[in-house]
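Subject: Structure handover

Hi,

Here is the structure I promised to pass on. Please open it first, then read my notes below.

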Amino acid sequence: MITKLDLRETLDIPVLENSTEVENFQNQTLRPILKLQNDHFVTLFESYAKRQKSDYDTLSGAKKRTFIEQSLQKDMVLKNTFIGMTIGLFTSEELAVYAAQHKDYNRRIVTMIIERLKSRAQS
């Protein structure tokens, strides 16, 4: 049977001696999940953007990036959907680590997703 870990691509991010537990979790767990889910994040956000702003496709790159950032900071349903899409791919052990510092991890998840979406808006 395929596990959640089997779905993730292994990223070559070194574990440094002075890295914190939070940084290691971000690099070893969050980043591979976000990479795996990237196409879903993009599709979901583009659908959301078109519902919210009928002229989204005609916005300049800068205005798209601003809209992305504001949407994920202000729209709690959208933000929580993206967070849920991420934590749904945690193993039981990862979920326990996440639960201990969920506010910090949620902030990191949202920040990384914003950056992923904004990088696509530049093109």
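Helices (H or I, at least four residues) and strands (E, at least two) are DSSP runs, numbered from the N terminus. This is a predicted model, where local features need pLDDT of at least 70, side-chain atom pairs count only at pLDDT 80 or more, and totals for chains, interfaces and linings use all residues. Residues are numbered from 1 along each chain as its sequence is written, and side-chain values use heavy atoms, with hydrogens and water left out.

**Overall**

The protein has six helices and zero strands. Along the sequence the pattern reads α-α-α-α-α-α. The C-alpha trace spans about 45 × 35 × 25 Å along its principal axes. Of its 123 residues, 37% count as buried. Here buried means under 20% relative accessible area, exposed over 50%, and partly exposed in between (1.4 Å probe, protein chains only). Take the contacts between residues at least 6 apart in sequence: 71% of them join residues at least 24 apart. Contact means heavy atoms within 4.5 Å.

**α2 against α3**

Two packed helices are described by the angle between their axes and the distance between the axes. The axes of α2 and α3 come within 12 Å and cross at roughly 95°. Therefore α2 is roughly perpendicular to α3. The axes are lines fitted to C-alpha atoms, for helices over the stretch in contact, and angles run from 0 to 180 degrees between N-to-C directions. Angles under 35 degrees count as roughly parallel, over 145 as roughly antiparallel, 65 to 115 as roughly perpendicular and the rest as oblique.

From α2, Phe-45, Tyr-48, Ala-49 and Gln-52 meet Phe-67, Ile-68 and Ser-71 of α3. By class, this contact of α2 with α3 has five nonpolar, two polar and no charged residues. The classes are these: Ala, Val, Leu, Ile, Met, Phe, Trp, Tyr, Cys and Pro count as nonpolar, Asp, Glu, Lys and Arg as charged, and the others, Gly among them, as polar.

Look at two residues here. Tyr-48 sits in helix α2 (residues 21–52). Its relative accessible area is 8%, so Tyr-48 is buried. Leaving out residues up to four places away in sequence, Tyr-48 touches Phe-67, Ser-71, Asp-75 and Leu-78. Ser-71 belongs to helix α3 (residues 61–74). Ser-71 counts as buried because its relative accessibility is 5%. With the sequence neighbours up to four places away left out, Ser-71 touches Phe-45, Tyr-48 and Leu-78. Ser-71 and Ile-114 are 43 residues apart in sequence, and their C-alpha atoms are 9.4 Å apart in space.

Lys-53 is in the loop between α2 and α3. Lys-53 is partly exposed, because its relative accessible area is 30%. Not counting residues up to four places away, Lys-53 touches Leu-59 and Phe-67.

**α4 against α6**

The axes of helix α4 (residues 76–87) and helix α6 (residues 102–121) come within 10 Å and cross at roughly 100°. So α4 is roughly perpendicular to α6. On the α4 side the contact uses Lys-79, Phe-82, Ile-83 and Thr-86, and on the α6 side Asn-106, Ile-109, Val-110, Ile-113 and Leu-117. These residues of the contact of α4 with α6 divide into six nonpolar, two polar and one charged.

Buried residues of α6 include Tyr-105, Met-112, Ile-113 and Lys-118. What covers the buried residues of α6 includes α2, α3, α4 and α5 (92–100). Lys-118 has a relative accessible area of 14%, so Lys-118 is buried. Apart from neighbours within four places in sequence, Lys-118 contacts Arg-65, Ile-68 and Glu-69.

Which residues touch the most other members of the largest nonpolar core? They are Phe-45, Ile-68, Leu-72, Phe-82, Ile-113 and Leu-117, out of 29 residues in that core. The elements that give two or more residues to this core are α2, α3, α4 and α6. The largest share, 10 residues, comes from α2. A nonpolar core is a set of buried Ala, Val, Leu, Ile, Met, Phe, Trp, Tyr and Cys residues joined through side-chain atoms within 4.5 Å. Ile-113 touches Leu-34, Phe-41, Leu-72, Phe-82 and Thr-86, not counting residues up to four places away in sequence.

Best wishes
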